[in-house]
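Have the structure open as you read.

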Amino acid sequence: METLPRPSRRPQYGSDVIVDMLQLCGISYAACNPGASFRGLHDSIVNYGGNRLPELIECCHEEISVAMAHGYAKATGKPMAALIHNIVGLQHASMALFNAWCDRAPVLALGATGPMDATQRRPWIDWIHTALVQGTLVRDYVKWDDQPHALAGVPESFLRAYRIAVTDPQGPVYVCYDAGIQEDVVRTPVLLPEPQRYAPPMPPQAHPAALERAAELLVQARYPVLIADLAGRHPAAVQQMIQLAELLAMPVIDRGGRFNFPNTHPLDCTDSADPVLAQADVVCALDVLDLVGVLGRVDKATRVYTAAVGAQTQIIHITMGDFLIRSWAADYERLPAVDLPIAADTSVALPTLLALCQDRLRTADPTPRERRAAELRVQHQARRQQWRQAAQAAWQQQPIAVSTAVAEVWEVIKHENWALVNNAVGAWTRRLWDWTQPGTTLGGSGGAGLGYGMGAALGGVLAHRNSGKICVNLQADGDLLFTPSALWTAAHHQLPLLVVMFNNRSYYNSEEHAIEVARVRERPVANAGIGTRLDSPPVDFAGLARAYGLYGEGPIEHPAAIRPALERALRVVKDQGTLALVDIVMQPR
Ligand SMILES: Cc1ncc(C[n+]2csc(CCOP(=O)(O)OP(=O)(O)O)c2C)c(N)n1
Ligand SMILES: [Mg+2]
C-alpha cells in the first residue's frame, strides 16, 4: 500500500480530517460535480489540502466522475475518489458504480448527506435530499458502504473502505459523510492512523494439492488451452501467462477484461476460440467472469446454448470470484461445471504452477509440444495475414468499413507510445494492431451500461498524465451521447486524448436486435431503424467537440480523408496537450 507521510497541518473541521485520510492513502484525484452536501469537504480539499492529494477534477455528471475513477483504477491499479452529492448525485452515479462493480474495479465513491441532525436542516432541500440510509441505493453493487456516525469514526471507516476496495476481488465502495460531521469544528483531536498497518492482506496462494493436480492435468494434456479474463490486472501475471503458455505450447484465449496476452504472440488464439476449444482436453481458466459464456455459444435468435468444448474436457479455474457474490444482480453468471476449482490470486498461483509444470516436464519428450507450437504459430500468422488482407480488400468501401478506420488509426499511432483507454470497436483493433504490453488496453465497461466510454477514457488519461503516452479512445456514438459533457472536463483540465468516433449513426446493437427479431417473426426488417437509429438529424460530433472549446474534425465519409485528419488531430494532442476528436461515419459493424 502506497502511503504518504502524515500531514503536518492541524485539522480544524471534520472535513479536514477526511482530506488528511485521502492524503495518507495517496489519493491523487477526486472527480466531482459540486453539491452543498459536501461543501465542507470541497473547502477542505481546495483550502486545507491546497487542491493536491487529491486534486479536484470537475465533472458535469456523476456518472462521468465515477467512470473516470473506474478507468483510472484499471490503468493504475489504484483507486481515485469520486465525490457524489447526496441522493441526487448518487442516483446519477449508480449506473457507473454498477459498471465498476461488474468490472471488479476499485473506486472510492465518497458521498454526503444530511445533516442527519434534523434540527440543523434547511427547509425543503436538506429534507428532500436526505435518506435513511443513503447507501442502500447502491448497496447491492458496492463491496461495502458506510456512514460514520461521528468524526472520531471517520479515519477507521476510510481505511476500511480503501482496504476493502483494493482487496481482491476488487470493487467500488461507498462512504457517506454527514454534512454536519464535515462542517463541525474539531474539538477533540482525532488520532490519524498509520495506513501501512492497515494495508490490504497479502494475496492468497492456492492449495498446494490443487496446484499439483492442475500441473498434472496440464502436462498430461493432449491439447491444453489457457483462457484469461481479469488475470492481467496484475501486470506481472502477463509475463507469467506467456511463460506458462510457452512451456506447455498452449493456445491462449484472451477474454479481454484486462490486457492478458499479446495478440502478436504465436500462441494467441483469441479470434479462433471455437476451433481451439473443440480440441481442448484440458482448459485452464484464469479469473474468468463468465466461464460458461466462453466455453459455448448461444444462438442469438433462439437463445439455445451449444458447448464449444467436449463433455469430457477437464476444466481448471483459478479465481477469487467465489468471494464476491451478491444476490441482486446476476453478474455471477451461469454456474460453470469446473473439475478443479482453485481459490487463489492468479499472480501468486501462476509462478508456482509454472514451476510445478517445469519440474514435471524436465525429462518429458518435447516433440508433441514443439509440434503443437509450430502448428499454432502457422495458424496465428495465417489469421493475422487474413485479417490484414480482409482490411485491405474493404479499404475502398463507402460507407467506410470499420476495419479501414481501425487500420488508419493504427498507421497514425503505431510509432507512438500509446494506450487504448477505451475501445468500442470490438475485435478489429485486436486483429490489426499490435498489442504487446500490459496496460495497452483497459478492457470494457464491465456492466455494459452505456455512458462509460468517454469518462473512463479520461480516467486513463489522468493515469498517464505527463507520461508522454498518447491515449486513444475509439468511441461509439450512442455511448457518447449519454455523457457528452465529459468533453468539457477534458477541455477544462487540459487532458490530452485522441478521440476517434466510430460513428455508425445508430444504437446499432439495438438495431441489430430489431433486425433479428423481425427476421425470425417474418416482419419488415426495414422498420428496425425506428427508435434505434441516430441519423435524423445526424449528430455533428466535431461540432460538439468545438462547442466545448476542443479540436474537432468531421464528419469524414471518404477513406482517403481519414489519415490526414487523424494526423492533424494527433498534432493537436501532442502540441497543445488537449483532446482532439475525429468523427468518422462508417458501416455499422
Ligand atoms: C444505460 C444503457 N441503456 C441502454 C442500453 C442498451 N443498449 C445496449 S447496446 C446499445 C446501442 C449502443 O450504441 P452505440 O454506443 O452507438 O454502439 P453501437 O452498437 O452502435 O456500436 C444500447 C442502446 C445499455 N446497454 N445501457
Ligand atoms: Mg452506434
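## A buried leucine and other positive phi values

Leucine 53 is buried, as its relative accessible area is 17%. Here buried means under 20% relative accessible area, exposed means over 50%, and partly exposed is in between, with a 1.4 Å probe and protein chains only. Leucine 53 sits in the loop between helix H2 (39-48) and strand E2 (55-58). Helices (H or I, at least four residues) and strands (E, at least two) are DSSP runs, numbered from the N terminus. Although leucine 53 is not a glycine, its phi is positive, at about 45°.

Glutamine 494 is another non-glycine residue with a positive phi, near 50°. You will find glutamine 494 in the loop between helix H18 (486-492) and E16. With 47% relative accessibility, glutamine 494 counts as partly exposed.

## How to read the model

This is a predicted model, in which local features need pLDDT of at least 70 and side-chain atom pairs count only at pLDDT 80 or more, while totals for chains, interfaces and linings use all residues. Residues are numbered from 1 along each chain as its sequence is written, chains are lettered from A and ligands numbered from 1 in the order in which they are written, and side-chain values use heavy atoms, with hydrogens and water left out.

## The magnesium site

Which residues coordinate the magnesium ion (ligand 2)? They are Asp477 (OD), Asn504 (OD1) and Ser506 (O), at 2.0 to 2.1 Å. Along the chain, these donors follow the spacing D-x26-N-x1-S. Aspartate 477 belongs to helix H17 (residues 477-482), and asparagine 504 to the loop between strand E16 (497-503) and helix H19 (508-521), so the pair ties together parts that are 27 residues apart in sequence.

Donors are N, O and S atoms within 2.8 Å of the metal (3.2 Å for Na, K and Ca); water is not among the atoms, so sites may look incomplete. Aspartate 477 and asparagine 504 are both buried.

## Around ligand 1

Ligand 1 is surrounded by 15 residues, and the closest are Ala448, Asp477, Gly478, Tyr508 and Asn509. A residue is near a molecule or strand if one of its heavy atoms lies within 4 Å of it.

Several backbone atoms face ligand 1 with their polar groups. A polar backbone atom of glycine 478 is 2.7 Å from an oxygen atom of ligand 1, and a polar backbone atom of aspartate 479 is 2.9 Å from an oxygen atom of ligand 1. For leucine 450, a polar backbone atom is 3.2 Å from a nitrogen atom of ligand 1.

## Buried residues in a helix and a strand

Glycine 453 lies in helix H16 (residues 453-463). At 0% relative accessibility, this glycine is counted as buried. Glycine 453 is 33 residues from alanine 486 in sequence, and their C-alpha atoms are 9.6 Å apart in space.

Strand E14 (residues 418-423) holds asparagine 422. Is asparagine 422 buried or exposed? At 5% relative accessibility, asparagine 422 counts as buried. Its side chain makes a polar contact with the side chain of asparagine 473 (2.8 Å). A polar contact is a pair of N or O atoms within 3.5 Å; within protein, one must be able to donate a hydrogen and the other to accept it, and residues adjacent in sequence count only if both atoms are side-chain atoms.

## Cis peptide bonds

Glutamine 398 and proline 399 are joined by a cis peptide bond, with omega about -5°. Proline 399 lies in the loop between helix H13 (367-393) and helix H14 (402-413). Serine 536 and proline 537 are also joined by a cis peptide bond, with omega about 5°. Proline 537 is in the loop between H19 and helix H20 (541-547).

## An exposed loop residue

Glutamine 120 is in the loop between strand E4 (108-113) and helix H5 (125-128). With a relative accessible area of 53%, glutamine 120 is exposed. From glutamine 120 to alanine 179 there are 59 residues in sequence and 9.8 Å in space, C-alpha to C-alpha.
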